[in-house]
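Let's take a friendly tour of some side chains and how they meet. Keep the model open beside you as you read.

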Amino acid sequence: VQLQASGGGLVQAGGSLRLSCVASGRTFSRLAMGWFRQAPGKEREFVAGIKRYSTTYYADSVKGRFTISRDNAENTVYLQMSSLRPEDTAVYYCAADSDYPADVYYGMDYWGKGTLVTVSS
């Protein structure tokens with residue numbers, strides 16, 4: 001599976017961004033997808049995940065602010081980020097799990113290159 005993320009950039013605190021990730025190489029509808037992030041000096045952490053039947057999962061730190069969704073016709077997963085905070089600054093990675101049942105927290109098999117999100121205060 002090849003994953004290509006896009007949509008990162010610089011935004012002021014309180015603003016919004018939408019990340020996109022296009023997948024290829026497998027039947028997208030069978031994949032569980034996720035977003036992870038890694039801030040400078042910190043370990044990579046789970047942000048959000050969505051399973052093949054669109055069950056969603058979120059880290060507590062982003063609940064109510066971020067929304068993950070998928071478009072199986074476009075082979076794309078999205079992360080809509082609102083009310084952004086400086087602590088959301090990180091490189092965001094798209095990931096995929098081809099197993100069933102999937103583990104969106106620890107079971108990702110494939111990773112894309114990240115896209116940088118910078119939130120200024």
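## Rings that meet

Rings of Phe, Tyr and Trp (its six-membered ring) pair if their centres lie within 6.5 Å; planes under 30 degrees apart count as stacked, over 60 as edge-to-face and the rest as tilted. By that rule, ring pairs join Phe36, Phe46, Tyr57, Tyr105, Tyr106 and Trp111 into a cluster. This is a predicted model, where local features need pLDDT of at least 70 and side-chain atom pairs count only at pLDDT 80 or more, while totals for chains, interfaces and linings use all residues. Residues are numbered from 1 along each chain as its sequence is written, and side-chain values use heavy atoms, leaving out hydrogens and water.

The structure holds five aromatic pairs. Take Phe36 and Phe46: their ring centres are 5.6 Å apart and their planes are at 80°, so this pair is edge-to-face. Phe36 belongs to strand S4 (residues 32-38) and Phe46 to strand S5 (residues 45-50), ten residues apart; strands (E, at least two residues) are DSSP runs, numbered from the N terminus. Phe36 is buried, at 5% relative accessible area, and Phe46 is buried too, at 13%. Buried means under 20% relative accessible area, exposed over 50%, and partly exposed in between (1.4 Å probe, protein chains only).

## Salt bridges

Now for charges. A salt bridge is a side-chain nitrogen of Lys or Arg within 4 Å of a carboxyl oxygen of Asp or Glu, and there are four of them in the structure. Which residues are linked in a network of salt bridges? They are Arg37, Glu45, Arg65 and Asp88.

Within this group, Arg37 bridges to Glu45, with the closest N and O atoms 2.6 Å apart. Glu45 is partly exposed, at 37% relative accessibility, whereas Arg37 is buried, at 6%. Arg37 also meets Asp88 in a salt bridge (2.9 Å, N to O). Asp88 sits in the loop between strand S8 (76-81) and strand S9 (90-97), and Arg37 in strand S4, so the pair ties together parts that are 51 residues apart in sequence. Elsewhere, Lys63 forms a salt bridge with Asp60 at 3.2 Å between the closest N and O atoms, and both of these residues are exposed.

## Arg70 without a partner

Arg70, in strand S7 (residues 66-71), is buried yet has no salt bridge. How far away is the nearest side chain of opposite charge? That side chain, Asp71, is 8.4 Å away; Lys and Arg count as positive and Asp and Glu as negative, with His and the chain ends not counted.

Definitions and conventions. Helices (H or I, at least four residues) and strands (E, at least two) are DSSP runs, numbered from the N terminus.
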